[in-house]
Amino acid sequence: MPGRNEQAERDYQTYKILLDLWAKENPIKTAKLQVLLAVNALLVSAVNLSGGITRERWYVYLAGAVFCFIWMFSIGRTALFQDVWQLKLQELRARYPDDPRFSILDTGEYQQRARPIMRVFGAVSSRWYLLFSPLLFGIAWLAVLIAALA
C-alpha cells in the first residue's frame, strides 16, 4: 500500500490532468458561442437582405431554430464535462485541504480583491449566457417561423 506522500503525488498528477481537461473546455465553449453568434448574425442579415420575414422563407427560420437548439445541446455537453472535471478537482481538494497545490481554483478571496469594475462585468457566469443564448435564439427563430406562417 502506498504511503501518504506517494498517494498525494499520484493524486496531484491526477489533479493536474483534470485541471488541464477543465481548462481546455473554455476555448471550446468560446468557439461554439462565437460560431452561434456569427451564424445567427448571418441568418438575420440574409433574411433582412432578402426582403424581410416572408412565408416563403419558412425553411430559413426553421433551420435557424434547429441550429440553435443543436448548438444549445452541444455547448451544454461541453459545460457538463467542465462541471464533471471541476467536481473531481473539488474531491481531490477536499482530500488535501492543507496542500496549496490542490487549491488553484479557490479564487473567492482574490475575486473580492479584484477591481470593482472587473467584479461587476465578471459577475455573470459564462454558463448562463453560453446555455441560454442558443435557447433564446432558438425560441426567437421559432417565433419568427410562427409569425411568418400565421
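Tutor: This is a predicted model. Helix α1 (residues 4–49) packs against helix α2 (residues 58–95), with the axes 9 Å apart and an angle of about 165 degrees between them.

Student: Are α1 and α2 roughly parallel or roughly antiparallel, then?
Tutor: Roughly antiparallel, because angles over 145 degrees count that way. The crossing of α1 and α2 is left-handed.

Student: What kinds of residues make the contact of α1 with α2?
Tutor: That contact has 23 nonpolar, eight polar and seven charged residues.

Student: Back to α1 itself. What span should its 46 residues have, and how far apart are its ends?
Tutor: At 1.5 Å a residue, α1 should span 68 Å. The C-alpha atoms at its ends are 67 Å apart, which agrees.

Student: Which residue with a positive phi follows α1?
Tutor: Gly51, with a phi near 110 degrees.

Student: OK, now α5. Where does it run relative to α1?
Tutor: Helix α5 covers residues 126–149. The axes of α1 and α5 come within 11 Å and cross at roughly 25 degrees. The two helices are therefore roughly parallel to each other, since the cut-off for that is an angle under 35 degrees. Their crossing is left-handed.

Student: And what about α2 with α5?
Tutor: Their axes come within 8 Å and cross at roughly 165 degrees. That makes α2 roughly antiparallel to α5. The crossing of α2 and α5 is left-handed.

Student: How do the residues in that contact of α2 with α5 divide?
Tutor: Into 21 nonpolar, five polar and two charged.

Student: Which one gives the most?
Tutor: Helix α1, with three residues.

Student: And by class, what is in the lining of the largest pocket?
Tutor: Six residues are nonpolar, nine are polar and three are charged.

Conventions. Residues are numbered from 1 along each chain as its sequence is written. This is a predicted model: local features need pLDDT of at least 70, side-chain atom pairs count only at pLDDT 80 or more; totals for chains, interfaces and linings use all residues. Side-chain values use heavy atoms; hydrogens and water are left out. Axes are lines fitted to C-alpha atoms, for helices over the stretch in contact, and angles run from 0 to 180 degrees between N-to-C directions. Helices (H or I, at least four residues) and strands (E, at least two) are DSSP runs, numbered from the N terminus. Angles under 35 degrees count as roughly parallel, over 145 as roughly antiparallel, 65 to 115 as roughly perpendicular and the rest as oblique. A crossing is left-handed if the near helix is turned anticlockwise from the far one by less than a right angle, and right-handed if clockwise. Ala, Val, Leu, Ile, Met, Phe, Trp, Tyr, Cys and Pro count as nonpolar, Asp, Glu, Lys and Arg as charged, and the others, Gly among them, as polar. The expected span of a helix is 1.5 Å times one less than its number of residues.
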